[in-house]
Amino acid sequence: MGARIDLDADVGEGFGAWSMGADQALLEHVTSVNVACGFHAGDPSVIDRTVARAVRAGVAVGAHPGYFDVRGFGRREMRLPAAEVEADVVYQVGALLAFARAHGAPLRHVKPHGALYNQAADDRELAQAIARGVARVDPGLVLVGLAGSPAMREAAAAAGLRFAAEAFVDRAYDARGRLAPRSQPGAVIADPAAAATAALRLARDRAVVALDGRELAVEADTLCLHGDNPRALDVARAVREALAGAGVSVLALAR
């Protein structure tokens, strides 16, 4: 069997009259979406509209819970009690589950957002709190986390969840295999050709080139692109075309 990969995007990250990203156009190129749950972005109307569009496009729907930090877009680190994180995850995932059911579709997966995601990659207690929250809503959900993160993988297993390892085509990596801080030059990849090259390397060679030039092994089940990237649509189109041209099957994560 040839290489296969899921292609996911973070969507629904507008709020009220403010919109972000070309969500509708992105749906033509991805197989899964991670819908903001209202804590870092999104609101009931945005969630409802985003889920409806994804269902019509035949794209798998996932929840994208984050810290309760709209002002910081969920990208500022926080230190919260594990029980609070767990309850916040239950609240957000439960909301997305309700909207998915209302549109006659299953909720497939959960992917933490921003600082919550990055901190959980190395913080076992935080990862376990997230996994427990997801399992309380539906133990059949897939937990998505950073490829190469033992903390997230082990937390998923302890909670009885399937884990899907994620890599990024529009973000650069440091020497540890973690995402380079957005403040660092070159951390965000906006060039579609560069993103497509990274996607092919990840899908076929199971590797990524870090900012310092070293090649790192990465076993990924899904590749992410960010909807707030200024060239997100061009990146998505280039990545999908490159994968298809190389014979890589692009399929949504299965529950």
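Mentor: C37 has a relative accessibility of 6%, so this residue counts as buried, the limit being under 20%. C224 likewise counts as buried, because its relative accessibility is 0%. The model in which these values were computed is a predicted one.

How many disulfides does the structure hold? The number is 0. The reason lies in the distance between sulfur atoms. For C37, the closest cysteine sulfur is that of C224, and it lies 14 Å away, which is too far for a bond. Seen from C224, the closest cysteine sulfur belongs to C37, again at 14 Å and too far for a bond. A disulfide would require the two sulfur atoms to be within 2.5 Å.

Of its 255 residues, 55% count as buried. The protein comprises 8 helices and 10 strands. Its radius of gyration is 17 Å, close to the 18 Å given by the globule rule for 255 residues, so the protein is as compact as a globular protein of that length. Along the principal axes, the C-alpha atoms fill a box of roughly 40 × 40 × 35 Å.

Contacts within the chain complete the picture. Among those with a separation of 6 or more, 74% come from residues 24 or more positions apart.

Note on methods
Residues numbered from 1 in each chain as written. Predicted model: local features only at pLDDT ≥ 70, side-chain atom pairs only at ≥ 80, totals over all residues. Heavy atoms only, no water. Buried < 20%, exposed > 50% of the residue type's maximum accessible area, 1.4 Å probe, protein only. Helix = DSSP H or I, 4+ residues; strand = E, 2+ residues; numbered from the N terminus. Rg over C-alpha atoms; globule rule 2.2 N^0.38 Å. Contact = heavy atoms within 4.5 Å.
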